[in-house]
Amino acid sequence: MRALFFAIGQAFSSFWRRSFVTFLSIITITIAMVILGAFLLISLNLRGAIGSLKRQVQLEFFLKDGTTKADASSLIEAIKGERGVESVEFVTAERAKIEFIDEFGEELLEGLKRNPFPPSIRVELAKDLTMGEAVDSLAAKFKDDKLVEELSAPNRIAHSLAKASRISLILTGLWGLVLLIAATTIITNTVKLAISQRGDSIRVMQLVGASRNFVRLPFLLEGLIHGLISGSLAWAVLWGLSEAAGYVLPSIIPIPLPWNISIVLLGGAFGAIGSIIALRRYLNY
Amino acid sequence: MVISAINIGKSYLEGTGSRLIVLEDLSIDVEGGKVIAITGESGVGKSTLLHILGLLDTVDSGRIIFNGEDVSSLNDSQLSRIRNSDFGFIFQFHYLLPEFDALENVALPALLAGMSRPEAESRAKELLSAVGVAERAGHFPNALSGGEQQRVALARALINNPRLVLADEPTGNLDPKNEDKLIDLLFGLTREFGMAVVLATHNMAIARRADQSYLLREKHLEEVIC
């Protein structure tokens with residue numbers, strides 16, 4: 001308990017004694033965290049954009065005249081059982097007509113004595129990386145079904161989107177890893193620089209009989225506090241950035257709260273771990 | 001016997017990958033209340049030996065016996081406790097904490113040992129008085145002269161009544177006047193309190209004032225008899 005009080009006192013008093021180094025350290029960690037967070041914001045929105053395009057990819061099986069409700073139901077069940085199918089919906093001829101009128105107006109249908117639209121089954125696909133394969137497989141399996149008159153299958157779009165998803169996943173993963181390594185290196189070096197000024201003090205503490213943990217604790221707390229402050233500042237900056245971006249792109253997806261909290265905690269973890277790594281060089285005794 | 005080094009060896013890995021042997025099959029006994037001087041050329045291993053005796057460094061071979069116990073079996077916190085309660089250190093570079101004033105620097109080992117703050121500060125004041133810098137108690141190290149800093153370091157080394165004081169070139173940065181003053185204080189106070197001293201020095205005049213004097217040469221200790 002005594003060690004903890006000493007550590008807390010040292011950690012806070014160091015803020016004022018080394019205000020310039022503290023300021024530099026906090027700013028550097030904040031910049032690293034903002035870069036990480038901005039990357040998160042961009043990748044979230046990229047994935048969101050691809051996701052919303054994927055939602056527009058549907059297969060539609062147009063049914064032959066004379067299809068009974070029971071036949072349609074059994075086909076729906078068969079499609080539902082296929083891999084990559086998110087949902088299946090039966091669209092009556094009447095609903096198809098209403099949708100057409102909503103989109104193109106009534107004029108085009110004037111003069112027609114009967115509803116030209118056949119009933120159909122719309123299939124929404126799971127928004128995963130196998131979307132292209134799912135479209136191919138469903139088309140191959142059901143296009144020649146005795147109930148199916150015609151099939152609308154956006155194979156090329158589905159494949160392109162699946163490929164875009166795959167590439168974006170790999171790129172964001174790799175770039176995220178690079179940024180994480182860069183942030184860790186920058187933060188560790190910043191903390192190292194701050195601690196290098198106190199190498200002699202660390203040696204003195206060990207000479208007068210302080211254990212390694214006793215020496216570590218104030219630095220650990222100091223790194224943790226720097227990191228938490230930096231993480232909080234990064235949160236504020238990222239919030240401002242996404243608000244500003246919202247004026248230009250109203251559909252922008254902001255960073256969700258749990259991710260924001262993770263940025264603050266990650267900042268704290270970076271600060272604390274950076275201190276421990278930086279201290280290893282000085283804890284010789 | 002306060003501490004004994006028995007057939008110790010120490011080497012360091014050099015940048016080239018080869019090992020530089022500093023100490024080899026070296027033995028020394030440090031009796032309570034005795035002042036031992038270690039002399040030798042620069043880089044011969046005096047500081048390494050003092051670091052080993054102060055449990056600040058480990059040996060490659062041989063044993064260090066403190067209080068009848070082999071220290072190789074002790075963990076970091078046990079070694080830290082011994083350094084705090086049984087050893088006092090004085091180095092050429094004063095190694096005072098810059099963020100603490102002289103009184104706080106001297107009181108620190110006592111606080112680490114569990115002494116209350118008023119008690120530790122009162123003892124620190126006594127010692128600052130004994131080394132002649134009582135009026136500088138509230139000054140930070142950067143406001144003290146080299147001689148004053150080294151006297152504060154001496155007071156800090158003595159505050160927990162250690163059994164052994166290890167002094168590595170304590171006068172290396174001092175002018176002759178301050179050098180004499182510090183050695184008088186070191187020898188006088190440690191003899192008064194019955195503490196053993198192991199002192200590494202280049203200065204033969206200081207070595208001659210010790211109870212025993214050794215020359216560290218070619219990895220071994222040789223006793224100097226005159």
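Residues are numbered from 1 along each chain as its sequence is written, and chains are lettered from A and ligands numbered from 1 in the order in which they are written. The model is predicted, so local features need pLDDT of at least 70 and side-chain atom pairs count only at pLDDT 80 or more, while totals for chains, interfaces and linings use all residues; side-chain values use heavy atoms, with hydrogens and water left out.

The interface comes first. Chain A contributes 20 residues to the contact and chain B contributes 23 residues, where contact means heavy atoms within 4.5 Å. Together the two chains bury about 1800 Å². Buried area is the accessible area (1.4 Å probe) that two parts lose on being put together, summed over both. Carbon and sulfur atoms carry 63% of the buried area.

Side chains of opposite charge can pair when their charged atoms come close. A salt bridge is a side-chain nitrogen of Lys or Arg within 4 Å of a carboxyl oxygen of Asp or Glu. The interface of chain A and chain B holds 1 salt bridge. Arg212(A) and Asp76(B) form a salt bridge through their side chains, at 3.7 Å from N to O. Polar contacts between chain A and chain B link 3 residue pairs, with both residues at pLDDT 80 or more. A polar contact is a pair of N or O atoms within 3.5 Å; within protein, one must be able to donate a hydrogen and the other to accept it, and residues adjacent in sequence count only if both atoms are side-chain atoms.

Helices (H or I, at least four residues) and strands (E, at least two) are DSSP runs, numbered from the N terminus. H7(A) gives the largest share of this side of chain A, 7 residues. By type, the residues of the side of chain A that touches chain B are 8 nonpolar, 6 polar and 6 charged. Ala, Val, Leu, Ile, Met, Phe, Trp, Tyr, Cys and Pro count as nonpolar, Asp, Glu, Lys and Arg as charged, and the others, Gly among them, as polar.

Strands of a sheet pair through backbone hydrogen bonds, either parallel or antiparallel. Two strands pair if DSSP finds at least two bridges between them. In chain A, strand S1 (residues 58–63) runs antiparallel to strand S3 (residues 120–125), joined by 5 bridges. Phe62(A) has Ser120(A) as its bridge partner in S3(A). S1(A) also pairs with strand S4 (residues 148–152) of chain A, antiparallel, over 4 bridges. There, Phe61(A) stands opposite Leu151(A). The search of the whole structure finds 15 salt bridges over all chains. One pairs the side chains of Arg122(A) and Glu60(A) at 3.1 Å, N to O. This pair links strand S3 and strand S1 of chain A, with its residues 62 apart in the chain.

Chain B has an open, mixed sheet of 6 strands in the order S6-S7-S8-S3-S9-S10. Strand S6 (87–91) and strand S10 (220–224) of chain B are its edge strands, each pairing on one side only. The twist averages 20 degrees from one strand to the next. Strand S9 (residues 212–217) of chain B runs antiparallel to S10(B), with 5 bridges. Ser213(B) has Val224(B) as its bridge partner in S10(B). The hairpin of S9(B) and S10(B) has 2 residues between the strands, and Glu218(B) there takes a positive phi near 45 degrees.

Another open sheet of chain B has 4 strands, antiparallel, in the order S2-S1-S4-S5.

Definitions and conventions:
Axes are lines fitted to C-alpha atoms, for helices over the stretch in contact, and angles run from 0 to 180 degrees between N-to-C directions.
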